[in-house]
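Hi,

Here is the structure I promised to pass on.

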Amino acid sequence: DSSVYLRYIFNTCFRTVEPLEYYRRFLKENCRPDGRELGEFRTTTVNIGSISTADGSALVKLGNTTVICGVKAEFAAPPTDAPDKGYVVPNVDLPPLCSSRFRSGPPGEEAQVASQFIADVIENSQIIQKEDLCISPGKLAWVLYCDLICLDYDGNILDACTFALLAALKNVQLPEVTINEETALAEVNLKKKSYLNIRTHPVATSFAVFDDTLLIVDPTGEEEHLATGTLTIVMDEEGKLCCLHKPGGSGLTGAKLQDCMSRAVTRHKEVKKLMDEVIKSMKPK
Amino acid sequence: APPGGGEERELALALQEALEPAVRLGRYPRAQLEVSALLLEDGGSALAAALTAAALALADAGVEMYDLVVGCGLSLAPGPAPTWLLDPTRLEEERAAAGLTVALMPVLNQVAGLLGSGEGGLIESWAEAVRLGLEGCQRLYPVLQQSLVRAARRRGAAAQP
């Protein structure tokens, strides 16, 4: 049908030449080019425990955005100022293969910001009590290296990373470690493993601000590029705010912020339900 | 993991040497094709898998190529009668006395890359291993062809308005 084809060509050209105008036309009708409503998330999928060489792993997809998290547990001496605590060390990697905007070499600004964000979430939410990672106070503790790697970048990296981290930590099993009193050496019993005690379940919800006023949830890469600001809210299951990340951009009224928080609370329920279903389906019958 | 570690540099070079003969570089003057391979889980024959994946990715990207590159890994199991194992697992690789990765351009039937290390003993043993590896590459080729065709079909269907 030639008229359909012509319209298709026109739309594609318009989208390339005037992307903001193109988006505004959709936003006026309270929807977006991919058919989503302003408060609707993309299809979220999670795959837990796929990397057998890691102590815990998870793969999360938010639409096209794909993040994999691998957790490796190693021994370390506890910090001198906190001899009864272990460490959780996150690192977010945005390699060139996930998007053409990243070059190979040392971590760029976005990767560093994301790493710091995840570290803040871990700290503020108390997802793991660091005391649980202590084996022998002052002598030996666990350090959990959490590597988050983006495999496909299409916006909203922070939500995907937070979910991947949570799912991977729920998948981690640590072997029992005892300190032999005679030799003072650690003995690892690989046959006796137990899951981590995950105390809270922080879930992130990100928004993009359009033209200083309109908020849309779960922005794609294109939407992030056109946005005048972004906002990420991290909630736990009791509706407590763990973290609020608003790096510059358009200012928001208190009322708008409250709307975002309500959306974050509902998103938490969606994510928790999905994760519980996946974990339940994995348990050996 | 920090980029540019010693082992990564060697493997990156092996990747480059094996992929160059297959790509029509003359068609891309003043252009740089960056190939980035990320290993999610090492279950054995990682370099072979990376080579094959990289060649497929280049083909999928529409880069003009003379031929695909197929990789195959081998390990020499130690013992009284050393035998070469095709497509070893990580455990087999760790216990091996020697390891070899072969890269073949299947249609042109030319070896694109060869990387090996260890103590293999007789020269005939290594030649036998290379032959085994090249045979393995040829066996993999139809699978790769089919996956490329499927991907092209999917892309064609998606591009329809």
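**The chain B sheet**

B:Val102 stands opposite B:Leu114 in S4(B). Helix H1 (residues 6–19) of chain B packs on the sheet, where it touches S3 and S4 of chain B, and its direction makes about 160° with that of S4(B). Some conventions before I go on. This is a predicted model, so local features need pLDDT of at least 70 and side-chain atom pairs count only at pLDDT 80 or more, while totals for chains, interfaces and linings use all residues. Residues are numbered from 1 along each chain as its sequence is written, chains are lettered from A and ligands numbered from 1 in the order in which they are written, and side-chain values use heavy atoms, with hydrogens and water left out.

As for the terms, helices (H or I, at least four residues) and strands (E, at least two) are DSSP runs, numbered from the N terminus. Two strands pair if DSSP finds at least two bridges between them, and contact means heavy atoms within 4.5 Å. Axes are lines fitted to C-alpha atoms (for helices, over the stretch in contact), with angles running from 0 to 180 degrees between N-to-C directions.

Back to chain B: the open sheet has four strands in the order S2-S1-S3-S4, with antiparallel pairing. At its edges are strand S2 (83–86) and strand S4 (110–118) of chain B, each of which pairs on one side only. Neighbouring strands here are turned by 20° against each other on average, direction ignored. Strand S3 (residues 98–105) of chain B is joined to S4(B) by eight bridges, and the two run antiparallel.

**The chain A sheet and helices**

Chain A also has an open sheet of four strands, in the order S10-S9-S11-S12 and with antiparallel pairing. Strand S10 (214–217) and strand S12 (241–245) of chain A are at the edges with a single partner strand each, so one side of each has no neighbour in the sheet. The twist from one strand to the next averages 25°. Between S11(A) and S12(A), which run antiparallel, there are four bridges, and A:Ile233 stands opposite A:Leu244 in S12(A). H6(A) lies across S9, S10, S11 and S12 of chain A, at about 50° to S11(A).

A:Asn11, A:Phe14, A:Arg15, A:Thr16 and A:Val17 of H1(A) meet A:Pro19, A:Glu21, A:Tyr22, A:Tyr23 and A:Arg25 of H2(A). That contact has five nonpolar, two polar and three charged residues (Ala, Val, Leu, Ile, Met, Phe, Trp, Tyr, Cys and Pro count as nonpolar, Asp, Glu, Lys and Arg as charged, and the others, Gly among them, as polar).

**Where the chains meet**

The contact takes 13 residues from chain A and ten residues from chain B. About 1000 Å² is buried between the two chains, and carbon and sulfur atoms give 64% of that (buried area is the accessible area, with a 1.4 Å probe, that two parts lose on being put together, summed over both). On the chain A side, A:Tyr8, A:Thr53 and A:Leu97 lose the most area to chain B, together 37% of what that side buries.

**Cavities and a pocket**

On a 1 Å grid over the protein atoms alone, a cavity is a set of points where a 1.4 Å probe fits but cannot get out, and a pocket is an open set with protein on both sides within 12 Å along at least five of seven lines; lining residues have an atom within 4 Å of a point. Grid points are joined across faces, edges and corners, and a volume is the space filled by probe spheres set on the points.

The whole structure has two cavities of 30 Å³ or more. The largest cavity has a volume of about 60 Å³, and its lining has six nonpolar, no polar and two charged residues. A:Asp159 and A:Arg267 are among the residues that line the largest cavity. The second largest cavity has a volume of about 30 Å³, and H4(A) gives the largest share of its lining, three residues.

The second largest pocket holds about 420 Å³ of space. Its lining has 23 residues, with A:Glu110, A:Leu158, A:Glu224, A:Thr230 and A:Pro247 nearest its centre.

Cheers
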